[in-house]
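Trainee: Could you take one part of this model and go through it closely, with the cut-offs behind each term, before placing it in its wider setting?

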Amino acid sequence: MTQETTPQGASPGGKSGHVTLIGGDDLALVSRATSETLDRLIGAHDRTLVLQDLSPLIEAADLAMTLRQVNMFSEYQVVSLRGVKNLEADVTEELKAYFLRPEPTTVLVVSFQGKVPPELSKAAKACGAEV
């Protein structure tokens with residue numbers, strides 16, 4: 001159900017440039033896996049300073065800006081895109097581009113209502129990720 005990807009150049013198991021894709025047919029399990037992943041990544045940090053919780057209806061330009069911004073209040077940020085059902089083509093392209101060049105101070109968590117789209121799984125694998 002959970003797919004974790006670590007693009008080339010990022011430290012596996014660390015926070016730097018980390019990407020997690022979560023999907024599955026059981027929405028309760030997906031929700032729990034997402035919450036547990038976010039809790040693990042945020043750790044003891046102040047959630048309000050570290051977490052950027054985005055709408056699944058975000059525009060590609062806003063997603064790109066959020067993924068690339070520097071968190072002024074913490075050494076890293078966790079960007080969460082929860083409950084994604086269908087992604088617009090430009091958002092999918094932005095995610096694929098991000099997989100190739102992740103921001104070292106950003107951790108991205110995307111959870112899907114249903115399976116992770118094959119196009120994103122393929123893009124993650126192409127970046128040297130174990131999927």
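This is a predicted model: local features need pLDDT of at least 70, side-chain atom pairs count only at pLDDT 80 or more; totals for chains, interfaces and linings use all residues.

Mentor: Residues are numbered from 1 along each chain as its sequence is written, and side-chain values use heavy atoms, with hydrogens and water left out.

Lys 96 is joined to Glu 93, with 3.1 Å between the closest N and O atoms; both residues belong to helix 4, where they sit 3 residues apart, about one turn of the helix. Lys 96 also meets Glu 119 in a salt bridge, at 2.8 Å from N to O. This second pair links distant parts of the chain, since Lys 96 is in helix 4 whereas Glu 119, 23 residues away, is in helix 5 (residues 118–126). Helices (H or I, at least four residues) and strands (E, at least two) are DSSP runs, numbered from the N terminus. Glu 93 has a relative accessibility of 42% and so counts as partly exposed, and Glu 119, at 40%, is therefore also partly exposed (buried means under 20% relative accessible area, exposed over 50%, partly exposed in between, with a 1.4 Å probe and protein chains only).

The count by this rule comes to 5 salt bridges. Another of them joins Arg 47 to Asp 39, with the closest N and O atoms 3.0 Å apart; Arg 47 is partly exposed because its relative accessibility is 35%, and Asp 39, at 42%, is likewise partly exposed.

Patch residues have over 30% relative accessible area and no salt bridge, with like charges joined within 9 Å and nonpolar side chains (Val, Leu, Ile, Met, Phe, Trp, Tyr) within 5 Å. With a relative accessibility of 42%, Asp 90 counts as partly exposed.

A nonpolar patch on the surface is made up of Leu 49, Met 72 and Phe 73, which together have about 390 Å² of accessible area (by the Shrake-Rupley method with a 1.4 Å probe, where only the protein chains shown count as cover for residues). Met 72 lies in the loop between helix 3 and strand 4 (77–84) and is exposed because its relative accessible area is 74%.

For the setting, the protein chain has 5 helices and 5 strands, in the order β-β-α-α-β-α-β-α-β-α along the sequence, and 47% of its 131 residues count as buried. Strand 2 (residues 19–22) is covered on both faces, with Val 19 and Leu 21 buried on one side and Thr 20 and Ile 22 buried on the other. Strand 2 runs parallel to strand 5 (residues 106–112), to which 4 bridges join it (two strands pair if DSSP finds at least two bridges between them), and Thr 20 stands opposite Val 109 in strand 5. Ile 58, in the loop between strand 3 (51–54) and helix 3 (60–68), is buried because its relative accessible area is 13%; its C-alpha lies 8.8 Å from that of Leu 81, although the two are 23 residues apart in sequence.

Notes:
A salt bridge is a side-chain nitrogen of Lys or Arg within 4 Å of a carboxyl oxygen of Asp or Glu.
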